Amino acid sequence: MNILKRGGIAILTTTSVISLMAGTLPTYASSHREAPGVTKSPKVDSTDFYMFRSYEPGREGFVTLIANYQPLQDPGGGPNYFTMDPDAVYEIHVDNVGDAKEHLTFQFKFSNALANDKGIQLNIGGTTNSIALRDAGMISQTPTDPNLGESESYTLTLITGDRRLGTRAAVTNVSGGGTTFGKPFDNAGRKTFPDYATYASKFIYNVAIPGCSTAGRVFVGQRAEAFAVNLGSVFDLVNFVPIEGDSAPGAHDGGGFPGGITQSRANDELVGKKNVTSIALEVPISCLVGAGNGVIGGWQTASLPQARLLDPSATYKQPSVSGGAYVQVSRLGMPLVNELVIGLPDKDKFNASEPSGDAQFGAYVTNPTFPAILNLLFKAPVNATLHTNIADLAPNNFPRNDLVAAFLTGVPTLNQLKTVTASEMLRLNTGVAVTPRATQKNLGVAGDDLAGYPNGRRPGDDTVDITLRVAMGALCYPVPINGTPTNLGVCTPANAPVGNVPFTDGAPISATDLQNAFPYLNTPLPGSPLSEHR
Amino acid sequence: MMLQLPSSRLLSSRPVFEWVWISCAVLVGHALLLVLLCQMGQTPVAPVGGNASTEVVVSLIATAPAREAAVKSPSILSLAVKKISTSEPASDQGLEPPKIEPEVALNPDNAEPQLSAADAVTLDQFNPASTGAPGVPCDLTATLASIFAQSPEVRQGLEGVPTSQRSVANAVMLWDGHWPETSLSGGQGLLRALLVKAVGHARPECLTQTNRGPVLFLVPEDQTTVVLAIGSGEWRWGDLLNSPVDSVIASRNIFIPTASVIQPAT
């Protein structure tokens with residue numbers, strides 16, 4: 001190697017560090033790979049946030065919050081599968097005042113450890129070597145299972161006030177008072193885990209939450225995806241007719257829109273095919289609502305240190321060096337906002353932002369582009385099919401106060417906080433009664449179920465269909481309350497030519513597809529046999 | 001911890017001029033770093049979390065307060081709302097009738113609820129709070145919500161509302177511009193009478209306040225909560241004091257019509 005080349009390497013090395021740092025400084029980056037920046041950091045990519053009154057029988061006095069991360073997990077993604085990022089902090093924030101600031105933050109911090117600092121070792125011809133895999137045999141016990149060479153654990157801290165400056169207190173295990181909790185190994189397959197559900201259930205902890213007289217529960221681990229979406233076809237210029245093709249979902253009579261898509265799991269890109277990592281927390285309602293009106297706003301984030309330096313002498317314990325204040329790289333409250341509402345130039349900015357600064361994104365809600373895209377794609381075929389002459393399928397009430405109510409302020413007396421600050425977060429009225437799983441309506445409030453989305457979000461709420469319809473003006477038409485068509489008073493049918501059309505992506509989900517107990521999302525799909533996730 | 005960068009490993013057993021060249025290259029790189037830091041021109045922030053070994057790195061590269069990464073002079077989001085005259089009679093502010101209209105017929109008698117003797121006593125015992133002295137701003141919605149949340153008489157009325165008259169989320173539509181036929185008797189009849197009595201106690205100026213969309217009252221009931229829904233479109237509390245009764249309310253999900261409802265807007 002000549003000296004010029006060597007000198008070049010020196011410059012390159014130094015400038016690469018600079019580039020790395022420069023790239024890390026504004027680490028903007030979050031739903032399923034929805035922003036350019038976060039695609040570089042899948043471990044901290046927020047995918048779905050759920051917040052609802054627990055509908056597990058006997059737990060109605062609690063709210064369950066589920067923050068999902070790491071999208072598109074192939075169940076067979078071994079040998080390392082999907083650990084969390086030890087450098088990151090994963091957080092669930094709650095605003096119980098209405099000022100668009102967090103007043104409670106549940107902060108999760110992860111770490112990995114090799115058994116005896118070496119993992120599983122084997123004596124090969126007189127030489128002891130660590131094996132290349134995380135496990136070497138059937139696993140049935142908690143992190144101490146002798147066949148598991150690497151364990152993952154986490155701490156949970158409750159922060160009251162500002163997430164970085166507020167008062168910190170550890171959430172502890174009711175059994176023994178410990179502050180460290182185990183995370184189950186991902187579902188490698190049926191041979192490793194003959195009974196993964198039982199194994200994972202051992203990682204549900206009863207926890208003492210500071211300042212809270214009743215214990216809550218926590219679970220962190222892999223779960224089966226519950227976000228039903230016709231992902232590939234939606235982003236292929238909506239490569240299907242997104243209107244219900246049956247007279248009613250699942251009727252199988254072809255009596256709906258001519259050529260319209262019908263409900264089928266085969267239309268789904270995620271449910272039954274992919275896994276995700278869930279942080280699930282169950283907290284007594286009384287410990288969340290503060291002095292407000294019983295409505296809480298919630299959102300999830302992930303943050304990384306400002307800088308990460310690659311270490312050429314990397315070790316297991318320190319593959320890189322990280323430092324600096326935490327920079328938020330992922331944010332998620334209401335589903336699909338950053339995916340379909342925020343413009344491409346601002347997606348990473350949105351991920352790095354906080355609800356209190358959402359005024360800067362207001363125009364994306366008041367004057368949305370997504371309905372206009374659907375108009376571009378479908379106006380001609382809709383008019384041709386129906387022999388109509390609709391000039392524009394998109395609603396024309398600007399500003400879109402219907403969307404402002406749904407996404408930014410909450411609906412008065414339903415899920416509006418005591419103080420109203422326009423900001424994007426999931427809002428839940430904890431006073432609305434729980435709807436049991438068997439009778440939940442997957443269209444939520446629009447389906448005559450006030451306990452559903454957008455009054456919070458349950459795993460069985462079909463938020464893709466709801467969002468499609470609301471975007472196209474469904475709230476300009478009466479919605480049913482106790483069977484009575486009720487005018488919300490935010491716009492009129494004249495504003496939304498197709499606001500009463502049953503838009504759908506054909507990928508269904510409902511509460512009965514999911515389990516009826518904490519953590520609600522189903523046992524993750526096993527890595528093998530292939531037939532279980534293909 | 002001191003970082004062992006590849007460049008430092010190359011510095012052994014090399015000719016002097018090669019050392020000089022590599023050192024210059026490293027200096028150039030660091031100069032670029034310095035320029036970058038100067039351009040940032042902001043005070044480094046203290047590390048939060050992490051361990052002590054990272055602090056050296058932090059002092060070199062933490063150039064911008066994390067909390068300010070996305071804060072950009074936020075302005076107040078203007079939520080333009082169409083102003084509605086409160087002097088006009090209640091209407092749906094130009095709302096076209098929904099394409100699927102429940103079959104509704106109005107009871108010409110504007111029938112009053114037929115209360116049982118016990119319910120009549122309950123109604124008599126119901127003494128809603130005052131809405132304040134004349135001239136004091138009134139928020140009748142908040143006042144009524146508080147009254148309904150605390151009233152034992154209201155809870156007694158709810159006991160008489162069967163599950164079949166509630167939604168899956170335990171909501172009861174009490175008045176949507178018309179009284180439902182189910183309000184002519186039973187629990188809904190008592191609730192209707194209680195509501196009318198409470199509204200009737202309000203000062204006249206409180207009755208003309210405009211509401212848009214339904215108002216939801218949460219009322220505790222045993223271990224759960226009932227949502228009482230009142231109103232639809234644009235309306236005023238005074239409207240329900242002289243309101244007709246629907247003889248038939250078609251209960252159906254009007255949100256999922258068939259494709260046949262798609263019609264041109266004009």
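The accessible surface of chain B comes to about 14000 Å², and 59% of this surface belongs to carbon and sulfur atoms; such areas come from the Shrake-Rupley method with a 1.4 Å probe, and for residues only the protein chains shown count as cover. This is a predicted model, in which local features need pLDDT of at least 70 and side-chain atom pairs count only at pLDDT 80 or more, while totals for chains, interfaces and linings use all residues. Residues are numbered from 1 along each chain as its sequence is written, chains are lettered from A and ligands numbered from 1 in the order in which they are written, and side-chain values use heavy atoms, with hydrogens and water left out.

**Chain B**

Chain B holds 7 helices and 7 strands, where helices (H or I, at least four residues) and strands (E, at least two) are DSSP runs numbered from the N terminus. Along the sequence these elements follow the pattern α-α-α-β-α-α-α-β-α-β-β-β-β-β. Of the 266 residues in chain B, 39% are buried, a term that means under 20% relative accessible area, with exposed meaning over 50% and partly exposed in between (1.4 Å probe, protein chains only). Among contacts in chain B with a separation of 6 or more, 72% join residues 24 or more positions apart, a contact being heavy atoms within 4.5 Å.

In chain B, an open sheet of 3 strands has the order β2-β5-β4 with mixed pairing; two strands pair if DSSP finds at least two bridges between them. Because β2 (171-175) and β4 (215-221) of chain B stand at the edges with a single partner strand each, one side of each is left without a neighbour in the sheet. From one strand to the next, the twist averages 30°. Strands β2(B) and β5(B) (residues 224-230) run parallel and are joined by 4 bridges, and M173(B) stands opposite A229(B) in β5(B).

| Helix | Strands | Angle to β4(B) |
|---|---|---|
| α5(B), residues 140-150 | packs on the sheet, touching β4(B) and β5(B) | about 20° |
| α6(B), residues 152-159 | lies across β4(B) and β5(B) | about 85° |

**Chain A**

Chain A has an open sheet of 6 strands in the order β1-β2-β13-β12-β11-β9, with antiparallel pairing. Here β1 (46-53) and β9 (172-173) of chain A stand at the edges, each with a single partner strand, so one side of each lacks a neighbour in the sheet. Within chain A, β2 (residues 62-73) and β13 (residues 275-284) pair in the antiparallel sense over 9 bridges, and T64(A) has E282(A) in β13(A) as its bridge partner.

**Aromatic rings**

Over all chains, a search of the whole structure finds 21 aromatic pairs; rings of Phe, Tyr and Trp (its six-membered ring) pair if their centres lie within 6.5 Å, and planes under 30 degrees apart count as stacked, over 60 as edge-to-face and the rest as tilted. The rings of Y55(A) and Y520(A) have centres 4.7 Å apart and planes at 55°, so this pair is tilted. Since Y55(A) lies in the loop between β1 and β2 of chain A and Y520(A) in the segment after β18 (484-486) of chain A, the pair ties together parts that are 465 residues apart in sequence. Y55(A) is buried at 3% relative accessibility, and Y520(A) is buried with a relative accessible area of 0%.

Conventions:
Axes fitted to C-alpha atoms, helices over the stretch in contact; angles between N-to-C directions.
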